[in-house]
Amino acid sequence: KGLDKKDFNACLDSEKYKSKIQKDLQDGDTLGVDGTPTFFIGKRDGTPQKIVGAQPYAVIKQVIDDALSQA
């Protein structure tokens, strides 16, 4: 069907989700997100591996495999 522009603009103009969006932006800044998409893959030691941009499956798989292989 597609986007209902009238409903979308009404929602945007109401600022109903403004605080949630601002919180998401703040969280992204805190985590160092500087592009989309950005993924964080957790390692066993608790540190995340950040993947930025539309990466091929092989890149994401390698990061996950590396995280899983850490003891």
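**Salt bridges in a predicted model**

Visitor: In this predicted model, which residue meets K18 in a salt bridge?

Guide: The cut-off for such a pair is 4 Å between a side-chain nitrogen of Lys or Arg and a carboxyl oxygen of Asp or Glu. For K18, the N to O distance is 3.9 Å, so the pair is within the cut-off. The partner of K18 in this salt bridge is E15.

Visitor: Is K18 buried, partly exposed or exposed?

Guide: Buried requires under 20% relative accessible area and exposed over 50%. The relative accessibility of K18 is 39%, so K18 counts as partly exposed.

Visitor: In which helix do K23 and D27 both lie?

Guide: The side chains of K23 and D27 form a salt bridge, with N and O at 2.9 Å. K23 is partly exposed at 45% relative accessible area, and D27 is likewise partly exposed at 31%. The two residues are 4 positions apart, about one turn of the helix, and that helix, spanning residues 18-31, is α2.

Visitor: How far apart are the closest N and O atoms of D65 and K61?

Guide: D65 and K61 are 4 residues apart in helix α3 (residues 57-69), so about one helical turn separates them. D65 is partly exposed at 32% relative accessibility, and K61 is partly exposed at 37% relative accessible area. Their side chains form a salt bridge in which the closest N and O atoms are separated by 2.6 Å.

Visitor: How many salt bridges does the count come to?

Guide: Side chains of opposite charge can pair when their charged atoms come close. Among the pairs counted is that of K23 with D27. By the 4 Å rule, the number of salt bridges is 3.

How values were computed
Residues numbered from 1 in each chain as written. Predicted model: local features only at pLDDT ≥ 70, side-chain atom pairs only at ≥ 80, totals over all residues. Heavy atoms only, no water. Buried < 20%, exposed > 50% of the residue type's maximum accessible area, 1.4 Å probe, protein only.
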